[in-house]
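Subject: Handing over a structure

Hello,

Please find below the structure I promised to pass on to you.

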Amino acid sequence: MMLVEMKHISKQLGSFHLKDISLELPEGYILGLIGPNGSGKTTLLHVLLGLYEQSGGTVTIDGMSYAEAEPAIREETGVVLLEDMFDGDLSLLTNGNNYGSFFKGYNREILQWYLERFGLSPKRKFKALSRGEKLKFQFAFALSHDAKLLVLDEPTGNFDREFRKEFFQVLKEFIADGKRSVILSTHLTEDLDRIADYILYLDHGKSVFSGDIETLRESYRLVTGEKWKIRAIDRELVVHVEEGEFGTRALVRNRCGIGRFIKPGDSELTVSIPTLEELMYFMAKK
C-alpha cells in the first residue's frame, strides 16, 4: 500500500517555484530527498506536512487528505525540522508530556527510553541543548507517539559520525515491521547509498529523478580516462565532463549507445556506478 502520494505538486514562494513534483512511497521503505541547497527540498516537505498549501496538485498520506482528515494525518506523522519546536524553558520530559498530550499514541516511557539511548537527560532544559542535541530530542519525540511516517529535514548534518550510525540503525528498526516509512532530506548522501530504497532528486524546483535507487544507479555511469577517448562518446549521452590534472571524468547516461565507445576490457577507460554524491556533483556542474 502507498503510504505517501504527492501528485503534480506546485508551489510559488516569491521568485522560487516548485514545479510539477510527484512521488510515491509504499509502506516499509525509506525515501531519500536530495538536491543542492535551494533546490526545494524543505518547501516540498512543508507542503507534505500541510505547513504550506500547494498551488497545485494533491497530497495523500495513508489514503487521507488534509482537507478531510488533518487530525488523523498529524497522529500518524513524526517530524524533525530545523526550526525549534519546543519550549526552551522547560525540561525535555515536560516538553514531551506537554506536546505529547496532542497525540493519542504518545508514550512517556518510550520517550524516556529513546532519551537514554541518545544520551539526553530528561531533566535538561531544551534551551540548554546544542543544535545536534535539539534534533536528537525532536527525533526521540517523533518516535514516541506511534507514527507511521517519519519526515526528517536535514538532521544528519548536525550529528557526529558516531550518532549518525545510531540514527540510521533506528530508522531500520522503525521500518522493520513493513508498515512504516521514512522520508529523509539530506545533503550527506553517503549513508543514503546504503539505506535508501527510493530517491527523489530535486534541482531548481524541478524533479531530476523520482523512483527506486537501483533504477537511478543503472541510469548513469562514471567514466574516467583519457580526454580524447571520453570526448568521442556521443554528446547526447554525456551529462558533464570534468577535466583534471590526473585525467578526465564524465557522467554518462547508461544507454546502449555507450557500448560503441566503452568495450569490455578497455584499458583506457574506467567505468563505475556513481555514488549519489558523485551524481549530485556532476548534475550541479551541468
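Helix α5 covers residues 131-142, and at 1.5 Å a residue its 12 residues should span 16 Å, which agrees with the 17 Å between its end C-alpha atoms. The expected span is taken as 1.5 Å times one less than the number of residues, and helices (H or I, at least four residues) and strands (E, at least two) are DSSP runs, numbered from the N terminus. Please keep in mind that this is a predicted model, in which local features need pLDDT of at least 70 and side-chain atom pairs count only at pLDDT 80 or more, while totals for chains, interfaces and linings use all residues. Residues are numbered from 1 along each chain as its sequence is written, and side-chain values use heavy atoms, with hydrogens and water left out.

Of the 12 residues of α5, 11 are buried, among them G132, L135 and F139; buried means under 20% relative accessible area, exposed over 50%, and partly exposed in between (1.4 Å probe, protein chains only). The elements that cover these buried residues include β5 (77-80), α3 (92-100), α4 (108-117), β6 (149-153) and α6 (161-175), where contact means heavy atoms within 4.5 Å.

In the loop between α5 and β6 lies D146, which counts as exposed because its relative accessibility is 55%. The phi of D146 is near 60 degrees, a positive value in a residue other than glycine. H8, in strand β1 (residues 2-13), also has a positive phi, near 55 degrees. Most residues other than glycine have a negative phi.

Strand β10 (residues 220-225) is mostly covered, with five of its six residues buried. Six bridges join β10 to strand β12 (residues 247-253) in an antiparallel arrangement, and there T224 has R249 as its bridge partner. β10 also pairs with strand β13 (residues 269-272), again antiparallel, over four bridges, with G225 standing opposite L269. Two strands are said to pair if DSSP finds at least two bridges between them.

Best wishes
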